[in-house]
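The following exercises examine a protein model step by step. Each one sets a task and then gives a worked solution.

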Amino acid sequence: MTLWGAYEHHYRLSFMKRIVGQWAIFSALYGLGFHFVSLEWTFLNLSGSLGVWTYPMTILWMMTMSNILYPMRRIDGLLCGYVGIVAFFMAMLSFYEGQAM
């Protein structure tokens with residue numbers, strides 16, 4: 001994904017080409033086993049399998065998370081620090097929940 005970001009930035013790709021490239025990369029990651037199988041909201045006491053929604057929900061989440069940060073790319077250091085802090089707390093949460101890889 002980092003190489004794709006450098007490529008799209010260097011060649012100033014249009015929005016549609018950027019989205020198609022991201023979809024291809026995330027689909028490859030899905031094929032490698034990076035996907036959601038079930039969803040659990042402990043604070044609402046809800047859980048369940050995604051079934052046929054596994055692929056769309058995984059791709060939607062990955063694309064949303066990568067594009068939600070896109071407007072901050074011009075602010076030096078802010079994006080890196082923000083992503084680092086979020087990644088740290090998500091890792092701590094997954095470790096606490098017993099789902100650390």
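From the N terminus on, the elements of the protein chain follow the order α-α-β-β-α-α. The model is predicted, so that local features need pLDDT of at least 70 and side-chain atom pairs count only at pLDDT 80 or more, while totals for chains, interfaces and linings use all residues. Residues are numbered from 1 along each chain as its sequence is written, and side-chain values use heavy atoms, with hydrogens and water left out.

**Exercise 1. Describe the secondary structure of the protein chain and the confidence of the model.**

Step 1. The secondary structure consists of four helices and two strands. Helices (H or I, at least four residues) and strands (E, at least two) are DSSP runs, numbered from the N terminus.

Step 2. The average pLDDT of the protein chain is 82, and 93% of the residues score at least 70. Here pLDDT is the predictor's confidence in each residue, from 0 to 100.

Step 3. Confidence is highest in helix α2 (residues 15–31), at a mean of 91, and lowest in strand β1 (residues 38–41), at 78.

**Exercise 2. State the extent, the burial and the contacts of the protein chain.**

Step 1. Along the principal axes, the C-alpha atoms fill a box of roughly 45 × 30 × 25 Å.

Step 2. The chain has 101 residues, of which 15% count as buried. Buried means under 20% relative accessible area, exposed over 50%, and partly exposed in between (1.4 Å probe, protein chains only).

Step 3. The accessible surface comes to about 8200 Å², and 71% of it belongs to carbon and sulfur atoms. These areas come from the Shrake-Rupley method with a 1.4 Å probe; for residues, only the protein chains shown count as cover.

Step 4. Among the contacts with a separation of 6 or more, 45% are between residues 24 or more positions apart. Contact means heavy atoms within 4.5 Å.

**Exercise 3. Which side chains meet in a salt bridge, and are they buried or exposed?**

Step 1. The structure holds one salt bridge, defined as a side-chain nitrogen of Lys or Arg within 4 Å of a carboxyl oxygen of Asp or Glu.

Step 2. The partners are R18 and E8, at 3.7 Å from N to O. The pair links distant parts of the chain, with R18 in helix α2 and E8 in helix α1, ten residues apart.

Step 3. Both R18 and E8 are buried. R18 counts as buried because its relative accessibility is 8%.

Step 4. Leaving aside neighbours within four places in sequence, R18 is in contact with W4, E8, N67 and Y70.

**Exercise 4. Characterise the aromatic pair of F36 and W61.**

Step 1. A search of the whole structure finds five aromatic pairs. Rings of Phe, Tyr and Trp (its six-membered ring) pair if their centres lie within 6.5 Å; planes under 30 degrees apart count as stacked, over 60 as edge-to-face and the rest as tilted.

Step 2. The rings of F36 and W61 are edge-to-face, with 5.4 Å centre to centre and 80 degrees between the planes. This pair links distant parts of the chain: F36 is in the loop between α2 and β1, W61 is in helix α3 (residues 54–68), and they are 25 residues apart.

Step 3. F36 counts as partly exposed because its relative accessibility is 30%. W61 is also partly exposed, at 38%.

Step 4. W4, Y7 and Y11 form one aromatic cluster.

**Exercise 5. Which helix supplies the largest share of the nonpolar patch?**

Step 1. The patch on the surface has about 1200 Å² of accessible area together, and its members include F36, W61, V86 and M90. Patches are made of residues with over 30% relative accessible area and no salt bridge: like charges are joined within 9 Å, nonpolar side chains (Val, Leu, Ile, Met, Phe, Trp, Tyr) within 5 Å.

Step 2. Both α3 and α4 (78–96) supply at least two residues each. The largest share, five residues, comes from α3.

Step 3. V86 is in helix α4 and counts as partly exposed, at 31% relative accessibility.

**Exercise 6. Locate S66 and name its contacts.**

Step 1. S66 lies in helix α3 and is partly exposed, with a relative accessible area of 23%.

Step 2. Leaving aside neighbours within four places in sequence, S66 is in contact with M1, Q22 and F26.

Step 3. S66 and M1 are 65 residues apart along the chain, and 9.2 Å separates their C-alpha atoms.
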